[in-house]
Amino acid sequence: MGTGSTLGLVRDKLSAAQSVTVLTGAGISADSGVPTFRGADGLWRNFRAEDLATPEAFARDPRLVWEWYNWRRELIATKRPNPAHEAVAAMEQRFKRFWLITQNVDGLHRDAGSRQLSEIHGNIWMVRCTQCRKMLENRAVPITILPLCPSCGGLLRPHIVWFGESLEEEDLERSAAALQRSDVCLIVGTSGLVYPAAGFGAIAKQAGAYIVEINLDSTPQSSLADATLQGRARDLVPLLLEP
Ligand code: OAD
């Protein structure tokens, strides 16, 4: 089936849907100029994200990890939501029940107006104290290295879920509830390699949802999809809402 007829089918499913869940990954922000994690441009000084986004890396060398986050903060601070983020934000009004689950920490979904969302990997503009666990917003670019807690003087860390750490219970519960009640689940711009998010499509599928994958490439989750739209998120996601 070509993209045209698949698109028609997906639009029909969406127009009949009461409950829609969207899962997004770095691919949706790639169209705003934010590098993906596993693409060729995802490297920083020859480090891979997997080597820096860990509690062990932070314990070993917090300065290095903060330098990496400063690089990402500087980069993200200049980026704006693209039409795919905007179309996802518009979906909140369109469907009776809607939930967005994003793995992205860049805050671009919020900037586009999304409010019904779980940022399951955290947010790069939030920090928290490694001592007293106080959480606060910090938009400084660059952030002072090493940043210290204004309350207790402890070392601040990014409020980001690192490899080897668990997601917040509340995010997991909200996501599971949304996935299980979805008529349609859209999976946009994620490589489907990092769990638990990589298993979210299967949860929705098991509960009877119609699964749509939007990605430049095929992924380990593609075989799960009832419909696959191959291309850029910024081109394809807005088309889903057209009559
Ligand atoms: P990846 O970098 O692993 O994958 C990005 C996906 O987006 C790939 O499948 C690309 O084919 C696709 N893609 C790239 N450009 C696209 C575009 N313009 N339109 C549509 N698709 C496009 O990113 P994630 O799957 O989000 O964790 O990675 C998952 C997690 O791993 C991240 O949240 C991050 C990382 O370590 C944390 O920060 C904790």
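**Reading the ligand site and backbone of a predicted model**

Modeller: Pro196 lies in the loop that runs between strand E7 (184–188) and helix H9 (200–206). The model is predicted.

Colleague: Which residue does a cis peptide bond join to Pro196?

Modeller: In general, most residues other than glycine have a negative phi, and most peptide bonds are trans. Here, Tyr195 and Pro196 are joined by a cis peptide bond, with omega at about 5 degrees. The bond from Val141 to Pro142 is cis as well, its omega being near 0 degrees. Pro142 belongs to the loop between strand E5 (135–137) and strand E6 (156–160).

Colleague: How many aromatic pairs does the structure hold?

Modeller: As a general idea, a pair of aromatic rings is described by the distance of the centres and the angle of the planes. This structure holds 4 aromatic pairs. For Trp66 and Tyr69, the ring centres are 6.4 Å apart and the planes stand at 70 degrees, so this pair is edge-to-face.

Colleague: By about how much of a helix are Trp66 and Tyr69 separated?

Modeller: Both are in helix H5 (residues 62–77); because they are 3 residues apart there, about one helical turn separates them.

Colleague: Turning to the ligand, how many residues surround it, and which are the closest?

Modeller: The ligand is surrounded by 22 residues, of which Asp31, Arg38, Thr190, Ser191 and Asn215 are the closest. By class, the residues of this shell comprise 8 nonpolar, 10 polar and 4 charged. Helix H2 (residues 26–30) supplies the largest share of the shell, 3 residues.

Colleague: Which pocket is the space taken by the ligand?

Modeller: The ligand takes up the space of the largest pocket.

Colleague: What distances separate N or O atoms of the side chains of Asp31 and Asn215 from atoms of the ligand?

Modeller: For the side chain of Asp31, an N or O atom is 2.8 Å from a nitrogen atom of the ligand. For the side chain of Asn215, an N or O atom is 2.6 Å from an oxygen atom of the ligand. The backbone takes part too: an N or O atom of Ala233 lies 2.9 Å from a ligand nitrogen atom.

Colleague: How much of the ligand does the protein bury?

Modeller: The ligand taken alone exposes 800 Å², and the protein buries 93% of that area.

Technical notes: Residues numbered from 1 in each chain as written. Predicted model: local features only at pLDDT ≥ 70, side-chain atom pairs only at ≥ 80, totals over all residues. Heavy atoms only, no water. Near = heavy atom within 4 Å. Polar contact = N/O pair within 3.5 Å; in protein donor to acceptor, adjacent residues only side chain to side chain. Areas by Shrake-Rupley, 256 points an atom, 1.4 Å probe, with all protein chains shown as cover. 1 Å grid on protein atoms, 1.4 Å probe; cavity = no way out; pocket = protein on both sides within 12 Å on 5 of 7 lines; lining within 4 Å. Sits in = over half its atoms within 2 Å of the grid points. Helix = DSSP H or I, 4+ residues; strand = E, 2+ residues; numbered from the N terminus. Nonpolar A, V, L, I, M, F, W, Y, C, P; charged D, E, K, R; others polar. Phe/Tyr/Trp six-rings, centres within 6.5 Å; stacked < 30°, edge-to-face > 60°.
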